[in-house]
Amino acid sequence: MCNKYIVNWSGSEDSSHINLYLCAHFLLGDIMEEKYFAELIKLIKKASKKDEVPISAMVVKENKIISKAYNRRVKKNNVLAHAEIIAINKASKKLKDWRLNNCDLYVTLKPCSMCETIIKQSRIRNVYYLLEKPKEKKEYNKTKFYKANICTYVTEYEARLRDFFKKKRDK
Ligand SMILES: [Zn+2]
């Protein structure tokens, strides 16, 4: 049984480029492994038992599972405790680096917008998911953002930010 999949992509290249593209991606390790989804299914069973929305996630690097997690928002009373975020935190601790270069994330459901941002920030390479988000799942939109135009603090903060990055550059 073949348990490796070349990642789908959409592009306008003609077919001669397609083979090159696939070869390159094969060599770079952009291959989705079915076995990790079996692990994810085991994890969602744990989540369901604990009355958590069954979503699970895993960080994989060089064919090794670095971390696994399932949604624990209720148990932890923590809005951040989505499976993806927990898996990313665990992986960062284990690898002693917040940048998860060359890591892939396997997740049961397509990540929400919060997780998507964190995933991108963490430099995860590929995200593989089983299901799209349910259509009725709304993004929350009640929060309003206001810019505080308090000159003293705006000026001081601007200067401190500038100094910080200048020192970094000068190092
Ligand atoms: Zn999320």
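Predicted model: local features only at pLDDT ≥ 70, side-chain atom pairs only at ≥ 80, totals over all residues.
**A walk through the sheet and its helices**

In strand S4, Ser67 is the bridge partner of Val59.

S3 and S4 run antiparallel and are joined by six bridges. S3 is also joined to S5, again in the antiparallel sense, by five bridges. Along this second pairing, Val60 stands opposite Asp104 in S5. S5 in turn pairs with S6 over five bridges, but here the sense is parallel. One point of that pairing is Leu105, whose bridge partner in S6 is Val127.

Taken together, four strands form an open sheet in the order S4-S3-S5-S6, with mixed pairing. S4 and strand S6, which spans residues 126–131, are the edge strands, and each of them pairs on one side only. On average, neighbouring strands of the sheet are turned by 15° against each other, direction ignored. In a regular strand, the side chains alternate between the two faces of the sheet.

Helix H4 lies across S3, S4 and S5 and runs at about 140° to S4. S5, H5 and S6 make a right-handed β-α-β unit. S5 itself is mostly covered, since seven of its seven residues are buried.

What lies at the centre of these contacts? The largest nonpolar core has 28 residues, of which Ala57, Met58, Val59, Ala83, Ala87, Leu105 and Tyr106 touch the most other members. The elements that give two or more residues to this core are helix H2 (34–49), strand S3 (56–61), strand S4 (64–70), helix H4 (83–95), strand S5 (103–109) and helix H5 (113–121). H4 gives the most, with six residues.

Notes. Residues numbered from 1 in each chain as written. Core = buried A, V, L, I, M, F, W, Y, C linked by C-beta atoms within 7 Å. Buried ≥ 20, exposed ≤ 12 C-beta atoms within 10 Å, placed from the backbone. Pairing = 2+ DSSP bridges. Axes fitted to C-alpha atoms, helices over the stretch in contact; angles between N-to-C directions. Contact = placed C-beta atoms within 7 Å. Right-handed = clockwise from strand over helix to strand, strands pointing away.
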